[in-house]
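Thank you for making time this morning.

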Amino acid sequence: MMSRENVGILVIVNNAGKPIGVISERDIMKALAHGKDLNAKVTEIGTIGNLITVGPKDSIYKAALLMNDHKIRHLVVMDGDKLRGVISIRDIISEERVVSRLAELAEARSSEAEVSGAD
């Protein structure tokens with residue numbers, strides 16, 4: 001399915017349609033490297049629980065920080081209890097203006113930290 005849809009991650013949902021985890025290309029590669037069968041359940045291979053999410057109104061900067069802080073390449077986008085989609089690092093870096101703005105914000109954040117640490 002991931003290959004057909006050209007995506008690097010799928011959101012795992014329970015019977016009620018509530019997101020409970022994700023399965024990524026990395027998860028599959030790790031599972032294969034550890035001898036898991038390709039017919040294993042996604043819940044045995046993917047990351048279940050502890051979803052790292054953003055909301056549709058959150059900034060791209062927040063998304064980038066979360067990805068960096070958690071060393072992940074995808075975030076699930078939730079609007080309350082509703083799954084809205086997934087944003088990837090590729091989505092963020094494909095926008096030159098976004099990358100430029102992220103650099104500006106990171107520089108400002110770094111400058112603020114230096115000033116507050118100088119007291």
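How do the residues of the lining of the second largest pocket divide into nonpolar, polar and charged? Before I answer, please keep in mind that this is a predicted model, in which local features need pLDDT of at least 70 and side-chain atom pairs count only at pLDDT 80 or more, while totals for chains, interfaces and linings use all residues. Residues are numbered from 1 along each chain as its sequence is written, and side-chain values use heavy atoms, with hydrogens and water left out.

The answer is six nonpolar, four polar and four charged, where Asp, Glu, Lys and Arg count as charged, Ala, Val, Leu, Ile, Met, Phe, Trp, Tyr, Cys and Pro as nonpolar, and the others, Gly among them, as polar. A pocket here is an open set of points on a 1 Å grid over the protein atoms alone, where a 1.4 Å probe fits, with protein on both sides within 12 Å along at least five of seven lines, and lining residues have an atom within 4 Å of a point. Of the 14 residues lining this second pocket, Val7, Gly8, His74, Ser88 and Arg90 lie nearest its centre.

The largest pocket is lined by 18 residues, with Ile9, Val22, Ser24, Thr47 and Ile72 nearest its centre, and its lining has seven nonpolar, six polar and five charged residues.

E4 and E5 pair in the parallel sense over two bridges, and Val54 stands opposite Val77 in E5.

Methods. Two strands pair if DSSP finds at least two bridges between them. Helices (H or I, at least four residues) and strands (E, at least two) are DSSP runs, numbered from the N terminus.
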